[in-house]
2 protein chains.
Amino acid sequence: MFTPGPTPVPPEVLAAIGAPVVHHRSPDFRPVYERCLARLREVCRTESDVLLFTASGTGAFESAVVNLVTPGEPHLVVSAGSFGERWAAMTTAYGADVDHLRYAWGETPDAEDVRARLSAREAKAVWIVQSETSTGVVADVQALAAAAREAGALVVVDAVSSLGAVPCETDAWGLDVVVSGSQKALMTPPGLGIAAISEAAMERRGATPRFYFDWERTRTAQRSLDAPFTPAVSLVAGLDVALGLLLEEGLDAVFERHVRLGRAARAGVKAMGLELFSPDDDRSAVVTAVRVPEAAEIIAGVRDRFGITLAGGQGELKGKILRIGHIGWFDVFDVATALAAIELVAAELGVDVERGVAVTAALEAYEHSTVA
Amino acid sequence: MFTPGPTPVPPEVLAAIGAPVVHHRSPDFRPVYERCLARLREVCRTESDVLLFTASGTGAFESAVVNLVTPGEPHLVVSAGSFGERWAAMTTAYGADVDHLRYAWGETPDAEDVRARLSAREAKAVWIVQSETSTGVVADVQALAAAAREAGALVVVDAVSSLGAVPCETDAWGLDVVVSGSQKALMTPPGLGIAAISEAAMERRGATPRFYFDWERTRTAQRSLDAPFTPAVSLVAGLDVALGLLLEEGLDAVFERHVRLGRAARAGVKAMGLELFSPDDDRSAVVTAVRVPEAAEIIAGVRDRFGITLAGGQGELKGKILRIGHIGWFDVFDVATALAAIELVAAELGVDVERGVAVTAALEAYEHSTVA
């Protein structure tokens, strides 16, 4: 599976998930829950509470919307792909007065544009996607957040496919809300949504009715090692193990591995003569998108022949790109496998690709590179 | 684990959950999803769509609230325990004008009371708890629903701890919304919320903003075997296996087993001379509540000595009762185990219990009884 979420899950994590279920209020579960919450703070690099919801990443994102938006209030949503547009739709659905800074899919948001928008019209919060999974673009969240903070706006970051793959310095960059999900770089099956919440965000909560996704209710419960509603205990046990693996490898080492995996994927794609859709820079460490007219046939071919799952394009990119995810439990030989399969199937489909060079180029790029 | 949710999970289900993760839009997952949705309709005994949310049962219940409630509209909430009160709080939080038919914890709601309330004031929907897990009382949903329907109200049923344990005839009884969760009689870890929705309920949706729990979005996606947001694929795979086990045993046989488990638990409790809190009738097939001043000590004792997890009282029943859950993957020897442990620990605590009779009484009640 080479999709940008769900991603492959290490066997230690699967074993924890397949273990007999324990009760969420029992002494069997509380230490797991406590450790998992502490590890989440470490991975988010924050001293604030990280709330855990039984929900997909979209559910955790909805928690930000229902806790922060009061109908009629001005917000700035930055989008450059499928997920950014989902957040524009969601904030609008909850009555926010949305200024939508909308880039073409595949473009990289620019902090100067955010600054210009905010000087024209203030916003209670700026909504940013760190890794736009639909295009492979990783935004410069630090710069975007700085522009938002200068204007006094809260910063909400969709880090669903980026948390644990590329740096996301919640406290150091002044991010008020960081949303993620279990099924990407956190190497756990889908089902848990995550939201790190700053004190400033807690203080500026809005008037939208809420219950399941209410931050206060969840934070109060979590602080006494309880959960407001029955949590997905099996997934929490798995996430705890997965976070342990990440922290054992070391977050900086994990980030470096992802940078090198991205370099390897891009080197392989370029070596066989295919066109990169995602930017050819080191921030593109999550998913590598390739623009090729035969995308759908290649995806079907590698699936049927080799049982390899790639992702296609979403929305306006449907049928135009294929995406190789390399977040989470991946090493360079996984990337090599995907490249080799793409090469073979593309060649048989008559696509003009250079044979026999992609895997070598990928391994070279991975092995002989250092990350500053 | 003898708690009324999460409940023990059969090994076949754990194995499915611990299997490598597949992508939710791949041909590996779609047949599982399709079969799981069809089995859910069978277990709910409905021809309507059964929506699957990545959320706890409370999340699925919130879907009913945000899809049906328009602020200011009249609703009737029937409560007789912790969960009924949660739904009163939730409908109120979303602005419903709530008439709260509130019974003391442990009482059984009466259809005549519903009829009287609705003749005094109409309601868009009547909100009912089938199995009030906090007290062990199972309401007569068929009678309550009939009273609601006579008055033209929609019927919303919390069947979180009852679906798959006691009969819940969604279509035959005219239930508009039936909400449940994966972690009770459906023998799967927590993390999936379920909501069966009638056409009438779909047509009377209200004006509350919603996104993650929007019925239309989820129904449209499910009908094309997609999910609007990344589903908890591992839990869906497990639920599919668990529903297969239920349907293989046969729903009627499953219901009969639960009736006899309830009889066994009550016979054992009475034989050792303890006081039943839940009603001594055949509808009490989900959880058996026992009123005993030493409840907390007994619960701690059986946990420390034998690793057995019982549930205590919630809210105003805290410290006053203990609860033996027997929903899902249970047979009579499990009930016997719980009774034997309670007997031993209670006796050592100096509680006046008759020794050596509870297990025999339970087995006799189970074996030598038939269900009409």
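Which residues point one way from β8(B), and which the other way? I took this question first, working from a predicted model.

**Entry 1: strand β8 of chain B**

I found that B:Val177, B:Val179 and B:Gly181 point one way from β8(B), while B:Val178 and B:Ser180 point the other way. In a regular strand, side chains alternate between the two faces of the sheet. I then checked burial: strand β8 (residues 177-181) of chain B is mostly covered, with 5 of its 5 residues buried.

I looked up the neighbours next. Strand β7 (residues 154-158) of chain B pairs with β8(B) in the parallel sense, over 3 bridges. With strand β9 (residues 192-197) of chain B, β8(B) pairs in the antiparallel sense over 5 bridges. I traced B:Val177 to both sides: B:Val177 is the bridge partner of B:Val156, and in β9(B) the partner of B:Val177 is B:Ile197.

**Entry 2: the sheet of chain A**

Strand β4 (residues 125-129) and strand β7 (residues 154-158) of chain A pair in the parallel sense over 5 bridges; A:Val126 stands opposite A:Val155 in β7(A).

**Entry 3: helices α9 and α10 of chain A**

I compared the axes of α9 (residues 233-249) and α10 (residues 251-271) of chain A, which come within 5 Å and cross at roughly 90°. The two helices are therefore roughly perpendicular to each other. I listed the contact as A:Leu246, A:Leu247 and A:Glu249 of α9(A) with A:Leu251, A:Ala253 and A:Val254 of α10(A). By class, I recorded 5 nonpolar, no polar and 1 charged residues in this contact.

**Entry 4: chain A against chain B**

I noted 40 residues from chain B and 40 residues from chain A in the contact. On the side of chain B, α1 (11-17), α3 (57-68), α4 (82-93) and α9 (233-249) each supply at least two residues. I classed that side as 23 nonpolar, 16 polar and 1 charged residues.

Methods. Residues are numbered from 1 along each chain as its sequence is written. Chains are lettered from A and ligands numbered from 1 in the order in which they are written. This is a predicted model: local features need pLDDT of at least 70, side-chain atom pairs count only at pLDDT 80 or more; totals for chains, interfaces and linings use all residues. Axes are lines fitted to C-alpha atoms, for helices over the stretch in contact, and angles run from 0 to 180 degrees between N-to-C directions. Helices (H or I, at least four residues) and strands (E, at least two) are DSSP runs, numbered from the N terminus. Angles under 35 degrees count as roughly parallel, over 145 as roughly antiparallel, 65 to 115 as roughly perpendicular and the rest as oblique. Two residues are in contact if their C-beta atoms, placed from the backbone, lie within 7 Å. Ala, Val, Leu, Ile, Met, Phe, Trp, Tyr, Cys and Pro count as nonpolar, Asp, Glu, Lys and Arg as charged, and the others, Gly among them, as polar. Two strands pair if DSSP finds at least two bridges between them. A residue is buried if 20 or more other C-beta atoms lie within 10 Å of its own, exposed if 12 or fewer, and partly exposed in between; C-beta atoms are placed from the backbone.
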